[in-house]
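Here is a short briefing on one protein model. Look through the sequence and the structure, then read the points below.

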Amino acid sequence: MIKLYYHPLSTYSRRVRIALAEKQIAYETIVVDLAQRKHKEPAYLALNPYGRVPTLEEDGLVLYESTAILNYLETTRAEPPLAPADLRQRALVDMHMKLCDIQMTRHTGTIIFPKRFLPKERWNEAAIAAAKTEIEGHLAILERQLTGKHYLVAEQFTLADICYLPFLEFLPLMEIAPPPAIAAWRERLLARPSARATKPDA
Ligand SMILES: N[C@@H](CCC(=O)N[C@@H](CS)C(=O)NCC(=O)O)C(=O)O
């Protein structure tokens with residue numbers, strides 16, 4: 001059975017939990033206590049030398065990086081599909097997954113980590129403002145691509161949407177007002193049972 005090392009407040013782990021829920025895959029969970037820095041202890045570093053969650057383990061395979069895990073789940077458990085069969089459409093899913101990490105999640109972390117876990121006096125307001133500008137610029141591009149569409153690729157809920165979902169949750173915390181197509185997309189994604197079941201408490 002799949003083992004997932006994760007933390008309930010972890011955005012990247014939530015991507016994997018959403019995919020597992022969508023595909024109705026049974027799995028065992030191991031909570032890695034990030035507050036206690038268990039992810040930097042030798043036992044966990046032996047599994048994932050980068051000391052981050054999520055990590056997936058199955059039959060001797062140890063896999064980290066949420067996008068690699070999502071692709072593994074899609075390749076090994078095709079039903080229900082979270083990627084289009086058409087190879088050109090599938091390439092677009094990969095493109096959006098990559099862009100999500102480059103253009104969105106990196107900057108999101110700069111804002112939501114301090115806001116969720118640090119006292120206000122430790123926030124780097126200049127870095128937060130710069131990150132917010134980057135995210136707003138990216139969302140303006142996505143807004144054009146999403147206008148008139150329900151999902152990023154092929155009018156189908158895919159791994160690309162899953163990559164964005166946990167980060168879209170925090171637009172209000174980031175004080176980012178989404179343009180209309182993004183707002184509707186965000187609502188659509190957050191309403192899914194897999195999203196509701198994995199919503200973090202903080
Ligand atoms: N690129 C990684 C990012 C994973 C990541 O940064 N996870 C956070 C929790 S959401 C973490 O483990 N942070 C602890 C650290 O970096 O020390 C992925 O996609 O899985």
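Helices (H or I, at least four residues) and strands (E, at least two) are DSSP runs, numbered from the N terminus. The model is predicted: local features need pLDDT of at least 70, side-chain atom pairs count only at pLDDT 80 or more, and totals for chains, interfaces and linings use all residues. Residues are numbered from 1 along each chain as its sequence is written, and side-chain values use heavy atoms, with hydrogens and water left out.

**Backbone**
- Arg37 is not a glycine, yet has a positive phi of about 60°.
- Arg37 sits in the loop between strand E2 (27-31) and H2.
- Val53 and Pro54 are joined by a cis peptide bond with omega of about 5°, and Pro54 is in the loop between helix H2 (42-45) and strand E3 (55-58).
- Glu79 and Pro80 are also linked by a cis peptide bond, with omega near -15°; Pro80 belongs to the loop between helix H3 (66-76) and H4.

**Ligand**
- Polar contacts are pairs of N or O atoms within 3.5 Å.
- A side-chain N or O atom of Lys40 is 3.1 Å from an oxygen atom of the ligand.
- A polar side-chain atom of Ser66 is 2.7 Å from a ligand oxygen atom.
- A backbone N or O atom of Val53 is 2.8 Å from a ligand nitrogen atom.

Notes
A polar contact is a pair of N or O atoms within 3.5 Å; within protein, one must be able to donate a hydrogen and the other to accept it, and residues adjacent in sequence count only if both atoms are side-chain atoms.
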